[in-house]
Amino acid sequence: MAWRFKASKYKNAAPIVPKAEACVREICVGSYQTYGNNIAASAAFMAFNWEHTGSSVAVLPLDDCGRKSKTMPLLHGHTDTVTDLKFSPFHDGLLATASQDCLVKIWHIPEKGLEQSLSDPEAVFSHKQRRVETVGFHPTADGMMYSTAAGCVALFDLRSQKEIFSNNEHPEVIQSASWREDGTVLATSCKDKCVRIFDPRASGSPLQMVAESHQSIKDSRVVWLGGQPRILTTGFDAARLRQVIIRDIRNFGTPEKTLELDCSTGILMPLFDPDTNMLFLAGKGDTTINYLEITDKDPYLIEGLRHTGEQTKGACLVPKRALRVMEAEVNRVLQLTSNMVIPIMYQVPRKTYRDFHADLYPETTGYKTELIASEWLNGSNQAVPKMNLDPAKRELGDEPIIPRLGPKPFSSTTGDVSFDKVFAVPLAPGSHENISNVGQESGGSGEPAAAPTHVQPSAKPDLIVEIEIKKKNERETVASAGNGVQKSLTTSERRKSSADDDESSDKIFEQNSESSENSTEGEDRTDADLRRFSSARSSIAERRRLYENRSKSQVDEKAQSPVPLRREHSKVEPLKPNQQQQQQSTCIDSKRISVPEGKLLEEHRQQRGNNGAANAAGLKKSATEAAFSAASTKRTSTVFGKVSKFRHLKGTPGHKSTHIENLRNLSRQIPGECNGFHANHERVAVPLSGPGGKIAIFELSRPGRLPDGVIPSLVNGSNIMDFQWDPFDAQRLAVACDDGIVKLWHIAEGGLSEPTNTPAGELTAHLDKIYFIRFHPLAADVLLTASYDMTIKLWDLRTMTEKCALTGHSDQIFDFAWSPCGRLGATVCKDGKIRVYNPRKSEMPIREGNGPVGTRGARITWAVEGQYIVCTGFDKVSERQISVYNAQKLTAPLNTASLDVSPSILIPFYDEDSSTLFVTGKGDSTIYCYEITDEEPYICPLSHHRCTSLHQGLSFLTKNHCDVASVEFSKAYRLTNTTIEPLSFTVPRIKSELFQDDLFPPTRITWSATLSADDWFASNNDKAAPKISLKPEGMETLSSIQQVPVQHTKKSLEQHAQLGQKSEYEINKQQEIQKSVSARMEYTTKLEQDDMEGVDENEWQE
């Protein structure tokens, strides 16, 4: 029994989670109903599903980190959710993706990663109208891929791009599949609660063994335990407890070990390392990752240290050759969350990490094989050679093992280069195919046969390789003109022919990229780093860090603290390849760039001078002058995404002395179409529980603790459906009831002193319940009501008469929003449609499009001066989302942002001056903030505000009640269970004593009526709301203070840009700073050792 007490080397392997800066952050990942892990990794890249639909795939370098933009390059290859994705074990740049659109696609990732989005795969395989569930590569045969769809298992040969095997004997959907390490047989788990051993090369039926497995039809997974004759499955039992079962194929019908865990609903994704026998169980939706060690005797599963962190959306293991072995890293798990990719390093504690610990790293499976798909199918088995991870035994020592990425993808201009030749591998020496091929190629011809193409990493940029292939093909075409045959080139020949062109090519495509590990946040970068326009630029994360570091290095005394941004030709059409090369050498890159203003001005003047004098007038304004120009209000962007002045907005709750406290008996029965809370600048309305439909009115001028007892309220007599303050009369409140009556209440100046049940007026609007009511944003006394009878009516409150009705809805109406101009209105309906109406012209919608697919509720609002429509709702898996539509084209959303899974409806509040969208739901504690833009990605996340308690409602005030002197651009009131709290949203600014005119443009007057009801209904005069400036009297504007030094700096920069000298202004400033710093520093010549006492010489002798 001594083996029971044998200590494992990996027993104390501890998970080490890096800081947030070392993770991939601000990504967008949804919840996908698939059988895949949603993330995959090779020794060079990681790939994971992107956005809430998951139809796109993001591919990043394995060691990448930092914030990511929604404009980053992606793989756009599928029309539906990507169900599974895997990297080839022999080519780190070869990725296979499977999707619900019934297709499997093969992608080649360039050596430097994605520099632009890809939509054209290298190969496409179809499963004939069946959703593809899983995909993967064979562990020993290069160029062979498997996939499953419904009950079908298919094998594909990538060299010939053909299906070489197919079997449909599984009665139900195959949920998981795993190859044995030697590549002989395949294990599958099926929805019929059985696990099978599958041999595609068997002479009879490929199904060799069948056994009952987990007794639940929910998702199950299977994995081979390396080269052992054992498999491990995860799933659920009949009581829906999560299970782990180990089976020995020599006694397949009886489980060797069954472990029951818990009753969580997330499927356990098993990640197994055959070298160390370490098993990681990551459950979808769980916050913990379990680590167990598998043994060949009882107890079979030994639990290790458990990791607890973020909620898991997917997980995968990193190949062993990508680990940091000199840090005793024995495994690395990539955890995919809703907004991050977290690399979790499992490290074995050792006293020192100076030496390589060979006992932790047995020889692992290599990445080179000589077996191909056709040989394997004919019965050949050949193990992949092992490799040693000891840096002393590697060819390159401590340097990382060079991954095999494969050559540049072929194009139609590269002659005879095709997929089967690009990814061809050498045939096994002495094999039958090799001998026959040599005989065929050499026989009957006087020329020697071309050597097979080896898949090796290219030492040059991909673009150089492609150009050299074209040059070589042109030479071969000329040489073989007499024969009319064009010879295909091998990789070795291409490299040999390119030796003469190395120097010129390197000059053209010179690269200056650095790894993310060597770059530091505070490192100074030169302006030349920011002006690299070549296609070989570093990753998006690196470019973002360059910009951030450049912005941080700006001295405060300079005129422009942020780097001025200019964007040339934002709407340029894509050029052809030959035009792009000409554009690179003669013109500024059409991508968005970020450079200092002086150099930008000088470059533009030189460029325009070369192009002609006709365009010279367009450069008279500098970038800073254009930024302060009132004509251009559009915020700018960079190559890595949107840069907003409101990026770091801050939400601050009011002091406790401004709160209204001791609220009680709040109503929880308000319908979802009602916001449940409404405020104006004088008072707030809060619904109370109990019969009679009571609404309490609290005066904001009297904060503090409410007295105990009866709260004065408005008694409506029926259940409340919705209520809203008149935007032009702070004393009038409209309340809609479930009897179809709208009651209009007039609140006296001092507020309510006692309960009252006598409204100022009643409007019998509908014969059925009312969903909601909306006041017109510009015209006085115009009210809109929407009812259960699926009609919308507009009323004149002065005469209490109906003016028009809107129809066309086929189900419950969730919300209605007026456009800023007041002419149009938009609705979102339970039937999944968004409709736009012109009420005074037609009762039917003038435009219609698809809205949120969820039926739990939705909200709608207009944005960007009525050009776009923002809709909040739910997707098909009940995940909350925000979609942006073009108001003129509602066929599909321009972009969709997913938040989380919650039952509460997201209520939007849009600030048109800052283009900021605030969204939150009842019972939430977070107010999500976004900026709506008129260019991709259309919705940009800002700093979200997290409250200390849950809120039941949120109501914003008009712009004239913001304290612009404190840089407050929005003000709201928040309703909690017991309090009403003011909430201020500000933007941090250094010179807050100035009026920030870049944050506060002239605003529309929405607090007083622009039109009367008669004028609006008559359609005689659609006046736009007048605009006023929010600038307080006596305050100076920020732009007026900044213009003087800007002009001085610009002039000096123009004089000294060519010579590279510092301007006189900069020299004087530098001298002033040095003098001021020197005056504050303490100067002394006394040393520390002067105060120390020595010892006598005789003491040393003793």
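By buried I mean a residue under 20% relative accessible area, with exposed meaning over 50% and partly exposed in between, using a 1.4 Å probe and protein chains only. What we are looking at is a predicted model, in which local features need pLDDT of at least 70 and side-chain atom pairs count only at pLDDT 80 or more, while totals for chains, interfaces and linings use all residues. Residues are numbered from 1 along each chain as its sequence is written, and side-chain values use heavy atoms, with hydrogens and water left out.

Let me start with Arg732, which is buried at a relative accessible area of 16%. Its side chain meets that of Asp781 in a salt bridge of 2.7 Å, N to O, where a salt bridge is a side-chain nitrogen of Lys or Arg within 4 Å of a carboxyl oxygen of Asp or Glu. Asp781 is in the loop between β49 (770-775) and β50 (782-787) and Arg732 is in strand β46 (residues 729-737), so the bridge ties together parts 49 residues apart in sequence; strands here are DSSP runs (E, at least two residues), numbered from the N terminus. Asp781 is itself buried, with a relative accessible area of 17%.

Now to another pair: Arg647 forms a salt bridge with Glu26, with the closest N and O atoms 3.1 Å apart. Because Arg647 lies in the loop between β37 (641-642) and β38 (650-653) and Glu26 in the loop between β2 (24-25) and β3 (39-41), this pair ties together parts that are 621 residues apart in sequence. Glu26 counts as partly exposed, at 32% relative accessibility.

Overall, the structure holds 36 salt bridges.

Note on methods. Helices (H or I, at least four residues) and strands (E, at least two) are DSSP runs, numbered from the N terminus.
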